[in-house]
Amino acid sequence: MPCYRCGARQTDPVRGASPWQRGVRDESQVLICPDCQRLRDLDLDSCSTCRSTALICRLGEVECRSCGAVWMARSADGLTGAVAPPPPGLSAEVEAALNRVLGRA
Ligand SMILES: [Zn+2]
Ligand SMILES: [Zn+2]
């Protein structure tokens with residue numbers, strides 16, 4: 001995965017931890033190269049609890065690596081169908097009930 005900002009390709013470190021930083025932007029996992037990490041306008045998502053930008057995004061959830069907070073990614077709503085609009089058949093049901101009350105078959 002290249003740097004989301006400048007498109008640089010990640011090079012494997014010879015040893016030790018990669019200097020590349022992982023972050024979440026618009027609720028998508030992104031990588032930030034060492035050069036771009038020095039910039040202040042990275043526009044990464046931040047934790048609403050501790051303001052940290054050390055987040056990881058997985059399976060429609062975002063987790064803060066600093067304080068451990070976990071929240072649902074908004075973008076997952078369409079995938080899971082967990083947040084559905086009211087069914088369109090509702091008004092028809094109400095209408096049918098009204099018709100019964102009013103004696104109209
Ligand atoms: Zn970069
Ligand atoms: Zn946090």
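A salt bridge here is a side-chain nitrogen of Lys or Arg within 4 Å of a carboxyl oxygen of Asp or Glu. Keep that in mind for the close-ups below. This is a predicted model, where local features need pLDDT of at least 70 and side-chain atom pairs count only at pLDDT 80 or more, while totals for chains, interfaces and linings use all residues. Residues are numbered from 1 along each chain as its sequence is written, chains are lettered from A and ligands numbered from 1 in the order in which they are written, and side-chain values use heavy atoms, with hydrogens and water left out.

**View 1. Salt bridge between Arg-38 and Asp-35.** The side chains of these two residues meet at 2.9 Å, N to O. Arg-38 and Asp-35 are both exposed (exposed is over 50% relative accessible area, buried is under 20%, and partly exposed is in between, using a 1.4 Å probe and protein chains only). The structure holds four salt bridges, so there are others to look for under the 4 Å rule.

**View 2. Arg-5 reaches Asp-41.** What distance separates N and O in this salt bridge? For Arg-5 and Asp-41 the value is 3.5 Å. The pair links distant parts of the chain, 36 residues apart: Arg-5 sits in the segment before E1, and Asp-41 in the loop between helix H1 (34–37) and E3. (Helices, H or I with at least four residues, and strands, E with at least two, are DSSP runs numbered from the N terminus.) Arg-5 counts as partly exposed, at 39% relative accessibility.

**View 3. Four cysteines hold the zinc ion (ligand 1).** Which atoms coordinate the zinc? They are the SG atoms of Cys-3, Cys-6, Cys-33 and Cys-36, at 2.3 Å. Donors are N, O and S atoms within 2.8 Å of the metal (3.2 Å for Na, K and Ca), and water is not among the atoms, so sites may look incomplete. Along the chain, the donors of the zinc ion follow the spacing C-x2-C-x26-C-x2-C. The angles between the four donor atoms run from 105 to 114 degrees, which makes the arrangement tetrahedral (four donors count as tetrahedral if all angles lie between 85 and 135 degrees). For comparison, the ideal angle for four tetrahedral donors is 109.5 degrees. Cys-3 is buried at 2% relative accessibility, Cys-33 is buried at 4%, and Cys-36 is buried at 5%. The structure holds zero disulfides (a disulfide is a pair of cysteine sulfur atoms within 2.5 Å).

**View 4. The hairpin of E1 and E2.** Strand E1 (residues 21–25) and strand E2 (residues 28–32) pair in the antiparallel sense over five bridges. Two strands pair if DSSP finds at least two bridges between them. Gly-23 stands opposite Val-30 in E2. The hairpin has two residues between the strands, and Asp-26 takes a positive phi near 50 degrees.

**View 5. An open sheet of three strands.** The order is E3-E4-E5, with antiparallel pairing. Strand E3 (55–58) and strand E5 (70–72) are the edge strands, each pairing on one side only. Strand E4 (residues 61–64) pairs with E5 over three bridges, and Val-62 has Trp-71 in E5 as its bridge partner.

**View 6. Glu-63 meets Arg-58.** Their side chains form a salt bridge at 2.3 Å, N to O. Glu-63 is partly exposed at 22% relative accessible area, and Arg-58 is partly exposed at 43%. Cys-64, on the other hand, is buried at 1%.

Conventions
Four donors count as tetrahedral if all angles lie between 85 and 135 degrees; four count as square planar and six as octahedral if opposite donors are over 155 degrees apart and all others between 65 and 115; anything else is irregular.
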